[in-house]
Structures are given as C-alpha cells and as structure tokens.
Amino acid sequence: MTFVRALYDSRMYRWFCLQFRSSILLFVVGMTTSALADEGMWLFNAPPLKQLKEKYQFEPSPQWLEHLQKASVRFNSGGSGSFVSPNGLVITNHHVGLDTLQKISSEKNNYVRDGFYARKQKEEPKATDLELNVLMSIEDVTDRVKAAVPSGLSAEDANKARGNIIAQIENESKQKTGLRSDVVTLYQGGVYNLYRYKRYDDVRLVFAPEQEAAFYGGDPDNFEYPRFDLDICIFRAYENGQPAKIEHFLKWNTRGPSDGELTFVSGHPGKTDRQLTVSELAELRDRENPYVLDMLKRRDVLLTSFAARSFENERRAKEDLFGMRNARKAFDGYLAALLDPDIWRAIEAREQKLRDAINGNAQLQGTLAAYDRIKQAQDATAKILPVYHYFEQSRGRATATYRPPRAFYSTLFKYARRLLRAGDEMPKPNGERFPEFRDSSKESLELDLFSAQPIYDDFEILTLTDSLTDMATHFGAEDPVVKQVLAGKSPIDRATELVTGTKLKDVAVRKQLYTGGGAAVSAANDPMIALAKLVDGPARDARKVFEAQDETKQQAYADIAKARFALQGTSSYPDATFTLRLSYGTVRGYEENGKKIPALTNFAGLFERGAEHDNQPPFDIPKRWLDRKSKLNLNTPFNFVSDADIIGGNSGSPVVNKANEFVGIIFDGNIQSLVLDCIFSGKQARAVSVDSAAIIEALRKVYDAGALADELESAKK
C-alpha cells in the first residue's frame with residue numbers, strides 16, 4: 001500500500017495525531033460490532049465459504065476460486081497484480097512498478113516523471129530484474145515437516161532439521177514440476193503449506209502514467225480519502241521471446257463497482273501481527289518499531305537532502321526515497337496504534353480470552369507454558385539484536401529475499417555478500433544452505449545478482465557513508481569491528497575507497513565470480529568482497545542465535561495454534577505472509593468527524609481539488625489532463641473505498657465482483673486502516689482502489705492509448 005512519510009512540522013503532526021485518535025475512539029466503539037465487518041485474509045485452500053453464504057448468499061465455486069487464484073500475480077519487488085488479457089498484460093500499481101521504472105529510466109528518458117506508453121509490442125522495454133509469480137497449487141506438508149523435527153532436540157538442531165526437510169520438500173517439488181516451490185509457514189508454525197509458482201522473468205513495460213497523476217496530492221493527500229489517483233502500471237509477461245499465452249485472466253468490467261456492492265480482493269498482504277502474543281507485541285511497541293523508525297527517519301533526511309540538489313539527483317533517489325517514506329508512515333501509524341491504551345487493552349483482552357479458554361480445558365492447560373517460552377526466546381534474542389541488525393540484516397528473519405544489514409546500505413555490498421556466501425553455501429548439501437542459496441531459489445538469486453540496473457557512484461557513496469556513520473555512532477568508534485570496517489579512515493573516505501575500488505558494478509565480473517565459486521571469489525582481491533568477508537563471522541554468529549530462538553518461538557506458537565484449533569476449529573485465517581490471500585467486503589463510505597465520506601470519487605472532483613489549490617504542487621493537475629478536460633466524462637468514477645481487509649503488500653491487488661470481473665485495483669488504505677497490522681476494525685478502516693472505469697477513460701481520452709484500452713476491453717474469459 002502507498003504508505004508515505006510522516007508529517008514533519010508540529011501543526012501537521014498534531015493534526016495527524018488528532019485524526020488518528022478520533023479513528024481509535026471509533027475503533028473502540030466498533031469493537032462490539034466488529035463481527036459484522038468483513039474481517040480476514042483467507043487462504044485460497046481454506047476460503048470463507050460459510051461466512052459468504054450466510055451474509056451475502058454467495059458461495060464462490062472451486063472453479064471461481066481457481067480462476068481468480070491463477071489470474072493473480074505476485075511481484076517480487078513487493079506487491080500484487082493480475083493478468084487482464086490472454087496476451088500477458090499484467091496490471092499493478094505505479095508505486096509497485098516504480099522499482100522497474102526507476103531502473104530502466106535515464107537522465108534522458110525519465111519514465112517516472114514523464115510516464116510511458118509502448119504503442120507497439122516491439123517498443124516494450126524489458127525490466128532489468130523483475131520476477132512475477134503465479135500460484136498454481138497448494139499442498140499441506142505440515143505432517144511431514146513436523147515429523148522431521150522430533151521433540152527433545154535443541155533449538156539449534158531443531159532449526160537445522162526443519163530447514164533440511166523444508167529444503168528437501170522444495171527441491172523434490174521443483175524437480176518434479178519445474179515450478180518454483182516454497183514451503184510457507186502459517187499460524188507462526190502451526191501449519192506448513194507448499195506453494196508452487198509459475199515464474200515469469202521476461203517482463204516488459206507497456207504503460208505508466210506520469211507520477212503527478214499516479215500520486216496526485218502527494219504527501220498531504222496520501223493516506224487520506226477522498227482521493228484522485230491513477231496509481232496503475234501495466235506490464236506484459238513474455239515466454240520464449242513472445243507474449244505469454246494466459247489461460248486465466250480477468251475480464252474487464254468497464255462500469256466499475258457500485259456503492260454497496262460486494263467485492264473481492266486477491267493479493268499478497270505482506271505481514272500482520274494479529275496472532276502474536278502480548279509480549280511480542282510489546283517488544284514491537286517498545287523496541288523494534290522505534291528502532292526501525294529511527295533508521296527510516298535518518299535515511300529520509302539523507303535522501304531528501306540529496307534529491308533537492310538537482311533534478312538528476314531527485315531521479316536517482318526517487319524509488320529509495322519513496323520507499324523510505326512509505327515505510328515510515330506505516331510504522332508511525334503502527335506504533336501509534338500499539339501505544340494507544342484502548343487498542344492495547346483490546347489486544348490484552350484478546351489474548352486473555354484465549355488463555356482462559358485453554359486454562360479451562362484440562363487437556364490443553366500445558367499449552368500455557370508456550371507463552372513463557374516465547375518470552376524467554378525474546379529475551380535471548382535481544383542480546384544479539386544490535387549485531388544482527390547492523391551486520392546480518394536490518395530486521396526480521398532471513399529469507400530468500402535480500403534485506404540489507406543496517407551498516408551497509410549499498411547495492412554493491414549486496415552483490416559482494418551474495419557472491420561471498422554463494423561461494424561458501426553452494427558446496428554444502430542443499431538442506432544445510434541458507435534459504436537464499438537453496439536449489440529452489442537459484443533462478444531468483446541469479447536474476448537479482450545479474451541485474452543490469454544502473455549503479456551510480458555518488459549515490460552509493462552517499463548511502464554507504466551514512467550507514468557506516470550510523471554503525472560507528474551506535475557501537476562507538478573504538479569498537480574492534482568498527483575499527484576494522486573503517487580501516488583507519490573516515491566513513492566518507494572509506495565509502496569512497498570501497499565504491500570506486502570494487503569491480504562489482506560490472507555484470508560480467510559478477511557472473512565470472514559466481515561461476516568460479518568460492519576460489520574465484522577469494523582470489524578476486526576486491527575491496528567490497530573483503531569487507532563482506534570481514535563482517536561475515538559476527539553476522540553468521542548472530543544469525544545462528546536469532547534463528548535458534550526463532551525456532552523456539554515457532555514450536556511454542558505451534559502449540560498455541562494447536563490449542564486454538566481444538567477450541568475454535570480451523571475456520572480462522574493465519575497472519576499475512578506475502579502469499580496469496582482472499583479478502584472481501586462491500587463498497588461503502590464512512591463517517592469521519594461527523595462528516596459522511598462518500599464511497600466513490602469522480603473526475604470532476606479531481607479538477608475541483610486542483611482549483612482549490614490554484615493547481616499548485618502537489619495538487620497540480622498534469623498538463624495533458626488539463627488539455628483534455630473537455631473530452632472527459634467528468635462523472636466517470638475515479639477512486640473508491642471498500643471495507644475489505646488489506647495491508648501492505650496488497651498494493652496492485654485486483655478487486656473483482658461476483659462475476660469475477662476486474663472492477664478496480666487496490667492502491668492504498670485510509671488513515672484509519674493503520675490499526676490493521678495488529679487488530680481488525682471495520683468501522684472506518686477502508687481499502688482505497690482505482691476504479692476500472694477511470695482507467696479506460698484515462699487511457700482513451702488522456703493518453704491516446706486506445707489500442708491498449710481495446711486490448712483490455714476486448715479480452716473475454
């Protein structure tokens with residue numbers, strides 16, 4: 001979702017707090033009626049059929065669900081999308097496509113600022129490293145995973161055993177099917193499902209509006225509603241050099257949804273914490289989220305200053321800065337929710353209700369010890385977190401997706417670490433490797449490692465200098481590891497030496513070292529690789545402790561999940577894991593500060609919004625929109641809200657009606673949705689979408705993209 005930076009000046013910050021506080025009061029009032037709201041991010045292999053039938057007299061068929069599942073797309077850059085034509089067209093958000101737009105742009109061709117439209121397929125530029133995943137099947141492998149981890153093992157040995165069996169399952173599946181195969185942990189360790197994906201790594205840009213239109217209103221309007229954003233980006237998937245032939249794609253509904261209509265969202269929500277214990281949420285409230293916010297604020301200031309120096313600097317920093325601001329506002333809102341006494345009482349009451357039910361069942365009472373084991377694992381993890389965060393990765397458990405350590409904010413360091421560790425990990429048996437180096441992740445690893453994205457020395461020096469300074473400030477300049485990393489130089493001199501001295505900017509060099517294995521990497525005599533090797537020991541040690549304690553927590557959560565299933569059945573949904581989920585809800589407005597907020601906006605509202613602000617940034621309507629105003633049907637719906645349950649990662653998710661037609665695309669949530677990370681409320685929280693009618697109207701009458709609109713509207717399924 002489009003989460004952007006927190007509001008800086010004191011007046012705006014007070015306004016933010018007042019708005020959020022008013023939403024909390026309504027949240028608390030709505031707690032008693034929350035069962036009436038459409039809660040849930042449901043698994044496609046465990047859909048909410050009963051709830052839908054009882055409330056809406058609608059029960060999607062297995063064929064309906066399969067079609068939507070296989071039309072839905074996951075973007076490895078962090079978002080969702082969907083196929084909307086038999087010839088490989090994929091639609092997502094502009095801010096999901098921003099990573100690719102940035103990487104294929106140049107000072108001469110700024111696709112982020114100016115937009116892009118390929119009138120012919122031969123004009124569609126290829127993304128540098130974009131991977132799309134389509135979920136083809138789900139298999140429950142819980143029994144097999146749990147059987148491989150007998151009771152009595154130490155946490156470290158249990159972690160190894162679990163990793164080994166997961167790697168074995170993934171590799172067997174990939175060998176058998178040829179599909180990307182990921183074992184997904186659900187219910188914090190209560191269930192394990194094998195997800196098989198079809199990959200597309202030849203993805204080409206078809207259309208993107210200028211960012212002024214995609215992110216109209218900028219920060220002041222972001223996380224607000226009403227909205228007037230054309231937050232879309234359209235790609236085309238290719239196979240064997242030709243547009244992919246897609247069996248499951250969504251038919252385009254040219255009218256969009258109506259107020260009160262039931263709609264469905266199929267996407268990949270990133271992460272929720274609704275099933276975490278109170279002690280873990282307290283850790284997030286008191287340490288983890290403040291730590292992340294400190295990092296994000298630091299980098300926001302750094303990149304804002306850099307971007308302000310020139311138009312080219314702004315272009316180079318655009319995607320990173322946008323991402324920092326997104327994350328910053330998301331974490332600001334999440335922290336505000338956790339600090340609110342009313343929400344905290346609701347969280348405590350939720351856990352206490354489950355504890356009481358467990359305690360009231362003689363056969364389950366032993367499960368209560370799991371809560372203590374989780375707290376003990378948290379305390380053990382806390383001792384190594386600084387080293388883990390600064391030298392292994394900035395937060396969370398390591399997965400196949402790279403997340404940089406806080407001390408080394410650098411693309412070149414990423415390449416150095418991945419090459420170094422590939423040389424160390426690849427000779428090991430598959431089950432003993434880090435997940436990112438298992439056979440099941442090989443294609444995705446190589447796509448990232450051999451990316452042709454441009455690397456700019458000045459930007460690399462800037463970010464690495466700041467992260468080295470951050471490291472030295474945190475641990476102290478006399479810390480032995482800090483002294484080794486800086487090598488007797490200032491952070492800026494050390495960063496300059498590393499960036500200008502490395503050869504890793506050259507894709508051919510990276511391929512040569514990767515192919516040559518550990519011996520070639522060791523003989524490379526590259527300063528960035530030498531740095532990666534220098535910190536690899538303490539980073540691995542911290543990761544070992546982190547993962548062992550995480551194993552303890554997984555086992556404890558598995559016990560709690562087992563008790564919950566015994567008490568409540570398996571009809572509840574697991575926390576989000578950036579895997580495909582189904583949400584549903586109705587298109588409906590809400591009330592805010594005594595004012596009714598309508599469910600839909602229209603094109604006329606866009607021009608009224610611009611006039612209210614004398615068409616000044618960030619409310620300046622793009623020139624081409626002003627020039628074409630007379631051609632537009634100003635009553636065309638633009639954006640709409642629904643009470644579907646979404647979170648970050650749902651960006652780009654298709655919104656469909658009961659006929660499984662595309663009626664919109666998720667791009668944000670309102671300010672009241674900030675509580676959804678940890679607890680659900682449907683009173684005011686809303687998902688914000690671009691209307692399908694707006695997309696066609698804009699393509700035809702603003703962007704002269706009639707051929708693209710024809711392809712969308714003529715697609716039949």
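User: Which side chain has a polar contact of 2.7 Å with Tyr-192?

Analyst: The side chain of Gln-554 makes that polar contact with Tyr-192, at 2.7 Å. A polar contact is a pair of N or O atoms within 3.5 Å; within protein, one must be able to donate a hydrogen and the other to accept it, and residues adjacent in sequence count only if both atoms are side-chain atoms. The model is predicted: local features need pLDDT of at least 70, side-chain atom pairs count only at pLDDT 80 or more, and totals for chains, interfaces and linings use all residues. Residues are numbered from 1 along each chain as its sequence is written, and side-chain values use heavy atoms, with hydrogens and water left out.

User: And what joins Tyr-192 and Arg-162?

Analyst: Their side chains form a polar contact of 2.9 Å.

User: Is Tyr-192 buried or exposed?

Analyst: Tyr-192 is buried, because its relative accessible area is 0%; buried means under 20%, exposed over 50%, and partly exposed in between (1.4 Å probe, protein chains only).

User: Changing topic, which residues of helix 22 are buried?

Analyst: In helix 22 (residues 603–612), they are Phe-603, Ala-604, Gly-605, Leu-606, Phe-607 and Gly-610. Helices (H or I, at least four residues) and strands (E, at least two) are DSSP runs, numbered from the N terminus.

User: What caps the N-terminal end of helix 22?

Analyst: Asn-602 does, with a side-chain oxygen 3.2 Å from the backbone nitrogen of Ala-604.

User: What follows helix 22?

Analyst: Asp-614 follows helix 22 and has a positive phi, near 50 degrees.
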